Amino acid sequence: LENQRIEAVNGVQIPQLGFGVYKLTNKGEFETAIREAIRIGYRHFDTAKIYGNEEALGIEIQKSRIPREQFFITSKVWNTDHGYEATKRAFEQTAKKLKVEYLDMYLIHFASPDYMGTWRAMEELYSQGKIKVIGVANFEIQHLEELLKHAKIPPMINQIETHPEFPQNKLHNYLKEHQILHQAWGPLGQGNKTLLAHPELQIIAHAHQKTVAQVILRWHLERGIIVIPKSSNPKRMKENSQIFDFGLNADEMEKISRLNTGKRYAINPTGYIINP
Ligand code: NAD
């Protein structure tokens, strides 16, 4: 698998294409999918405590016999583990489940009101070398402003819902200005059929002999975004990885940006505060 790397503000190289494992929880399905993803060449995996599959992912990584350093593993602090002490405990549990000494990336899953204590724990774990990149997910500008005001170490990445129907233009520019990387979850609009069959995208896909999914993922790459599409279908996993051998021109990028409808699939679109 060809991959490109994007540098975080601290110099850590992040593979721009990763593999999301949300909802891959069924036994059997999960193992097969991860094994296949590793076989295809994926090394960057995105999980979270709440996905309930850290342990299974850890087992597959170990079973692969590929050196730990070749993987890039992300997990996230869940809402019920906010605060300094709880986050430190949550990190230890996550690392243990994944069977790793360090995490490549650790994110605050959602901005709940007391995320400053959480962040202090993340800063400390970062300083101890236990996390290579610290960041957040689902943070809006107001959350980032608050965090930037109090943080010793600014967040290095924000993982947010992003796809052509919801391109996050404003937040994208804000992140760029503040040297915070943009990572897209739901990069394919969570497999939305209308998006994946969009006539405009089909025309662009046809011109490049690519699929609509590949065009969408390429659109993210051109914007400097890190993507973590999810699939349990080996053919699609492979398809989603073949996005480094073509480019989109300004006109095509512009056409895709016109698909913005403001439609989002987020669990809680009203401020992203779950269990405040
Ligand atoms: P996605 O946009 O990656 O869509 C996945 C779905 O798209 C698949 O289930 C499949 O139905 C379809 N699909 C995949 N490849 C395809 C292809 N080549 N052609 C046609 N259809 C295809 O959505 P997602 O899974 O929600 O997001 C990806 C990852 O992001 C997750 O697995 C998870 O790791 C992460 N995530 C994070 C958050 C968060 O709050 N931080 C929320 C949701 C997801």
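This dialogue reads several features of a predicted model.

Student: Where is helix 1, and what span does it have from its first C-alpha to its last?

Tutor: Helix 1 takes in residues 29-40, twelve residues, and reaches 16 Å between those two atoms. That is close to the 16 Å expected at 1.5 Å a residue.

Student: Which residues of helix 1 are buried?

Tutor: The general idea first. An α-helix has 3.6 residues a turn, so residues three or four places apart point the same way. In this structure, Phe30, Ala33, Ile34 and Ala37 of helix 1 are buried. They cover an arc of only 95 degrees around the axis, which puts them on the same side of helix 1.

Student: What covers the buried residues of helix 1?

Tutor: The cover includes strand 3 (19-20), helix 2 (54-64) and helix 10 (234-241).

Student: Take alanine 37 in helix 1. Is alanine 37 buried or exposed?

Tutor: Alanine 37 counts as buried because it has 27 C-beta neighbours inside 10 Å, where 20 or more are needed. Leaving aside neighbours within four places in sequence, alanine 37 is in contact with Phe19, Tyr42 and Met237.

Student: How many residues lie between alanine 37 and serine 232 in sequence, and what is their distance in space?

Tutor: Alanine 37 and serine 232 are 195 residues apart in sequence and 8.8 Å apart in space, C-alpha to C-alpha.

Student: What is the phi of the glycine just after helix 1?

Tutor: That residue is glycine 41, and its phi is positive, about 125 degrees.

Student: Which residues other than glycine take a positive phi here?

Tutor: Two cases can be set side by side. Arginine 65 has a phi near 65 degrees and lies in the loop between helix 2 and strand 5 (72-77). Glutamine 168 has a phi near 60 degrees and is found in the loop between strand 8 (157-161) and helix 6 (169-177).

Student: Are arginine 65 and glutamine 168 buried or exposed?

Tutor: Arginine 65 is exposed, with 6 other C-beta atoms within 10 Å. Glutamine 168 has 21 C-beta neighbours inside 10 Å and so counts as buried.

Student: Which residues of helix 10 are buried?

Tutor: Met237, Asn240 and Ser241 are buried in helix 10. They cover an arc of only 100 degrees around the axis, so they sit on the same side of helix 10. The buried residues of helix 10 pack against helix 1 and helix 9.

Student: How many residues does the largest nonpolar core have?

Tutor: In soluble globular proteins, nonpolar side chains tend to be buried together. Here the largest nonpolar core has 70 residues, and Tyr106, Val133 and Ile216 have the most contacts inside it. Helix 9 (residues 212-222) gives the most to this core, with six residues.

Student: What does tyrosine 106 touch?

Tutor: Not counting residues up to four places away in sequence, tyrosine 106 touches Ser75, Val77, Phe91, Met122, Ile131 and Ile134.

Student: Which residues come nearest to the ligand?

Tutor: There are 24 residues around the ligand, and of these Gly20, Tyr22, Trp185, Gly191 and Lys230 come nearest. Helix 10 gives the most to the shell, with three residues.

Student: How do the residues of that shell divide into nonpolar, polar and charged?

Tutor: Ten are nonpolar, ten are polar and four are charged.

Definitions and conventions: Residues numbered from 1 in each chain as written. Predicted model: local features only at pLDDT ≥ 70, side-chain atom pairs only at ≥ 80, totals over all residues. Helix = DSSP H or I, 4+ residues; strand = E, 2+ residues; numbered from the N terminus. Expected span 1.5 Å × (residues − 1). Buried ≥ 20, exposed ≤ 12 C-beta atoms within 10 Å, placed from the backbone. Arc of directions from axis to C-beta. Contact = placed C-beta atoms within 7 Å. Core = buried A, V, L, I, M, F, W, Y, C linked by C-beta atoms within 7 Å. Near = placed C-beta within 6 Å. Nonpolar A, V, L, I, M, F, W, Y, C, P; charged D, E, K, R; others polar.
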